[in-house]
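The following report covers strand pairing, a metal site and a surface patch, in that order.

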Amino acid sequence: MGERDLIRTFTARLGRRDDRLLIGPGDDAAVVRPAGALAVTSTDTTVEGVHLPAGDPRATPGVVGHRSLATALSDLAAMGVPAGEAYVALTIPASWDDDDVLACVDAMESLAARTGTAIAGGDVSAGPALVATVTVVGWADDEEDLLRRDRARPGDLVGVTGELGGSACGLAVLRDDALLAGPAHAEARAALVERYLRPTPRLAAGVALRRAGVRVGIDLSDGVATDAGHVGRRSAVRLRIDLERLPLQAGVAAVASETGRDPAELAATGGEDFELLVTAPAALAGRLPGLGITWIGEVLAAAPGDAGGVTLLRGGEPVRLAGFEHRAG
Ligand SMILES: [Mg+2]
């Protein structure tokens with residue numbers, strides 16, 4: 001198929017679930033009626049060989065499609081707004097045939113349907129490597145009614161959704177067949193790989209937390225050790241997090257033990273879990289049961305001269321994690 005036919009076939013496979021989309025794919029530009037006064041917009045790029053292992057048979061076109069939309073949507077989850085529209089630019093390598101392109105689009109459309117996202121436009125082009133760039137837009141009414149990085153206050157508690165470390169361990173397992181090779185680990189191993197290949201953006205949790213009154217959040221794309229530091233610096237406070245309280249996905253402890261690493265450290269520095277980290281005043285935190293939050297620390301005022309950041313504790317003592325400083329830079 002030529003590029004024009006591919007775009008036509010791509011477009012034919014997209015569902016319309018957005019009555020805000022007045023003119024969708026097929027005209028020169030998309031025309032959208034705003035669903036709020038404020039557009040909340042984020043762009044994310046997935047490059048094969050950089051964000052996904054090149055040549056791994058499990059990194060299929062379907063995985064590329066799912067993952068590129070999921071990682072973009074995670075940033076809307078991190079703002080606490082529902083998904084609106086997505087705009088997709090795909091650069092297709094020579095190694096992909098038409099079926100590969102359609103599998104990629106179908107996986108994207110499947111996640112779009114599940115999350116209420118309307119794929120409102122995009123472009124497909126041939127190129128030297130697979131690159132998927134996804135821009136997502138959500139709608140909001142008030143810049144104070146969002147999960148922001150710059151509103152953490154001393155006395156807030158620090159919490160995370162879900163379980164951590166799974167994605168990094170999934171990637172480790174993809175790279176080393178000997179890891180968790182025994183039959184006892186088969187289920188955990190498969191779940192870790194799935195976590196890495198097909199992460200779930202926490203859109204429902206983000207919206208529920210914001211509606212419940214939470215005003216601070218970030219998605220865990222680089223790991224708690226790095227992402228909590230972003231909140232600390234943006235808010236000019238210090239987040240103090242107990243490594244022992246991090247919720248670990250099943251199999252993370254086993255990967256840590258087989259690779260000679262500390263499981264909490266793996267969970268704190270392993271990226272791409274795409275859970276949410278939030279802070280909330282203690283009284284509000286007590287009213288958030290059922291949202292699956294694990295409370296892992298607290299927010300302290302920054303000392304004089306401290307620009308803010310994160311302090312990780314083990315056994316009540318501050319620890320420095322190998323590799324953490326350069327990631328945090
Ligand atoms: Mg983010």
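## Pairing around strand E9

Strand E9 (residues 237-242) and strand E11 (residues 293-301) run antiparallel and are joined by five bridges. Strands are DSSP runs of at least two residues, labelled E, and helices are runs of at least four, labelled H or I, both numbered from the N terminus. Two strands count as paired if DSSP finds at least two bridges between them. Val237 has Ala301 of E11 opposite to it.

E9 is also joined by five bridges to strand E12 (residues 309-314), and these two run parallel. Arg240 has Thr311 as its bridge partner in E12.

The model is predicted, so local features require pLDDT of at least 70 and side-chain atom pairs count only at pLDDT 80 or more, whereas totals for chains, interfaces and linings use all residues. Residues are numbered from 1 along each chain as its sequence is written, and side-chain values use heavy atoms, with hydrogens and water left out.

## The seven-stranded sheet

These strands belong to an open sheet of seven strands with mixed pairing, in the order E8-E10-E7-E11-E9-E12-E13. E8 and strand E13 (317-319) are the edge strands, each pairing on one side only. From one strand to the next, the twist averages 35°; axes are lines fitted to C-alpha atoms, for helices over the stretch in contact, and angles run from 0 to 180 degrees between N-to-C directions.

Leu313 stands opposite Pro318 in E13.

## The magnesium site

Asp75 (OD) and Asp219 (OD) are the protein donors of the magnesium ion and lie 2.1 Å from it. The two are 144 residues apart, with Asp75 in helix H2 (residues 61-79) and Asp219 in strand E8 (residues 216-219). Donors are N, O and S atoms within 2.8 Å of the metal (3.2 Å for Na, K and Ca); water is not among the atoms, so sites may look incomplete.

Asp219 is buried, with a relative accessible area of 2%, whereas Asp75 is partly exposed at 21%. Buried means under 20%, exposed over 50% and partly exposed in between (1.4 Å probe, protein chains only).

## A nonpolar surface patch

Leu22, Ile23 and Val31 form a nonpolar surface patch with about 210 Å² of accessible area together. Patch residues have over 30% relative accessible area and no salt bridge; like charges are joined within 9 Å, and nonpolar side chains (Val, Leu, Ile, Met, Phe, Trp, Tyr) within 5 Å. A salt bridge is a side-chain nitrogen of Lys or Arg within 4 Å of a carboxyl oxygen of Asp or Glu. Areas come from the Shrake-Rupley method with a 1.4 Å probe, and for residues only the protein chains shown count as cover.

Ile23 lies in strand E1 (residues 21-23) and is partly exposed, with a relative accessible area of 34%.
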